[in-house]
Amino acid sequence: MPPPPAHQQVFVLQRVQPALLGLMDGSVSTLAPLFAAAELTGDSHKAFLLGTAASLGAGISMGLAEALSDDGAVSGRGSPVIRGAITGAATALGGMMHTLPFLLPHIRVALYLAYAVVFVELVTIAYIRWHYMRSSLGRTVVQVIVGGLIVFCVGLFLGHIGAGM
């Protein structure tokens, strides 16, 4: 496969990669606390508030980390402020997508809808990795979905343990 044109490489390096990093982190890092809280409290509103706090906190943290990690001069990764904003926004978005179902008052309905949203998130991440990063589709799907499922299961497991106490 021939290498992509230089302008496409710059776009991937400076825009897609920071967005993918944020989306992956937001989607995966908020799973365990959100689903643990939902299982532990049995309360959609409390789960929503925790998911929102985790999503926004992760977005701020990841945005700052990306912006402060490299000024772009040596790596060619572009403006640290733009990369940080992209990463931060994508992280918050990744966490909020599966948090929004908890606006529903019925916890079981919210959980089932959130499960479906998580699946769509993970498939979307796999598609972006395949399309822009030229990763093997099969390997990408397995890596993203298996990784996400591990974190998801940790959250459910800890929520069940806590609810049983």
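Mentor: Let us begin with two side chains: R83 is buried, as is E66, where buried means under 20% relative accessible area, exposed over 50% and partly exposed in between (1.4 Å probe, protein chains only). This is a predicted model, in which local features need pLDDT of at least 70 and side-chain atom pairs count only at pLDDT 80 or more, while totals for chains, interfaces and linings use all residues. Residues are numbered from 1 along each chain as its sequence is written, and side-chain values use heavy atoms, with hydrogens and water left out.

Trainee: How far apart are the closest N and O atoms of R83 and E66?

Mentor: A salt bridge is a side-chain nitrogen of Lys or Arg within 4 Å of a carboxyl oxygen of Asp or Glu. R83 and E66 form one, with their closest N and O atoms 2.6 Å apart. Since R83 belongs to helix α4 and E66 to helix α3, the pair ties together parts that are 17 residues apart in sequence. Helices here are DSSP runs (H or I, at least four residues), numbered from the N terminus.

Trainee: Which other residue forms a salt bridge with E66?

Mentor: That residue is R77, at 2.2 Å between the closest N and O atoms. R77 sits in the loop between α3 and α4 (80–97), eleven residues from E66. R77 also meets D70 in a salt bridge of 3.1 Å, N to O. R77 is buried because its relative accessible area is 15%; D70 is buried because its value is 16%. Through shared partners, the salt bridges join E66, D70, R77 and R83 into one network.

Trainee: How many residues does the largest nonpolar core have?

Mentor: A nonpolar core is a set of buried Ala, Val, Leu, Ile, Met, Phe, Trp, Tyr and Cys residues joined through side-chain atoms within 4.5 Å. The largest one has 24 residues, and F35, A38, F102 and L111 have the most contacts inside it. Helix α5 supplies the largest share, eight residues. Contact means heavy atoms within 4.5 Å; leaving aside residues up to four places away in sequence, F35 touches several residues, including F102, L111, Y115 and F152.

Methods:
Helix = DSSP H or I, 4+ residues; strand = E, 2+ residues; numbered from the N terminus.
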